[in-house]
Amino acid sequence: MRIDVLTLFPAMFSGPFDESIIKRAQDRGLAQVHLHNIRDFTHDRHHIVDDYPYGGGAGMVLKPEPVFEALQSVRSALVDVVPVVALMTPQGQRFEQSMAEELAKAPWLVLLCGHYEGVDERIRQHMVDREISVGDYVLTGGELPAMVVLDAVVRLIPGVMGSADSAGDESFSSGLLEYPHYTRPSDFMGWKTPDVLLSGHHAEVAKWRRRQALIRTAQRRPDLLAENPITAEEREWLAEALEEGQGLSPA
Ligand code: ADE
């Protein structure tokens, strides 16, 4: 997968992209990340990328010319692949695991980081395929959102995560929050690991995990449960468990 990031602050990406899983994905050739400085696409002496908004008002607007040129330049890198161009903006569609899964299927992703009050509307209208928000809050720019999107997408590329199923059984991928994890020692400071996990009984472990995932989701994110198809039997069990408070881990 190829990912191009258009930003005014490429140096912001060097820490996160030079470490850990994103770095490994690049080293292995599973993801190619290219950073572009929008300022490099200006032609004036002062490399100006922003200007006052027409009609007045506070803040500055990212000028259309350098963004247009940067996007054209990036697009020309590959002739036989069409990129998905995504603008990072708090006005975009909310980023969720399902969107990460969809984007991970694209061969080429271009992330455009807005700044100041935003980009000129004509860029949004004519040069962008989709708009992504990482949540209902306003950040100083699209760089951190682009890193969030990139991280969530790259780890889904087959072969990026260590073990084949470590990206499959986790929170949100099943529509539920994930069950709790324990590792050795089984008794730490008198805090015990549930017996079932030490039993070696795979079917019982699977059942316990599913039930814990249901309880966790009901306690913390009931909105997810409402959207998630769980069986009538599970729904009944869950209602009883919540009522009795049995087997519940602290919320
Ligand atoms: N730029 C500023 N705030 C943002 C947000 N919440 N999501 C995406 N891009 C942004």
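## The pair Lys192 and Asp187

In this predicted model, lysine 192 and aspartate 187 join their side chains in a salt bridge at 3.7 Å, N to O, the term standing for a side-chain nitrogen of Lys or Arg within 4 Å of a carboxyl oxygen of Asp or Glu. Lysine 192 is exposed at 60% relative accessible area, whereas aspartate 187 is partly exposed at 37%; buried means under 20%, exposed over 50% and partly exposed in between, with a 1.4 Å probe and protein chains only.

Local features need pLDDT of at least 70 and side-chain atom pairs count only at pLDDT 80 or more, while totals for chains, interfaces and linings use all residues. Residues are numbered from 1 along each chain as its sequence is written, and side-chain values use heavy atoms, with hydrogens and water left out.

## Other salt bridges

The count of salt bridges comes to ten. One of them links aspartate 27 to lysine 23 at 2.7 Å, N to O; because these two are four residues apart in helix H2 (residues 20-27), about one helical turn separates them. Helices are DSSP runs of H or I with at least four residues, numbered from the N terminus. Aspartate 27 is exposed at 57%, and lysine 23 is partly exposed at 33%.

Aspartate 223 and arginine 221 also meet in a salt bridge, at 2.9 Å, N to O, with aspartate 223 partly exposed at 36% and arginine 221 partly exposed at 31%. Glu121, Arg124 and Glu131 are linked in a network of salt bridges.
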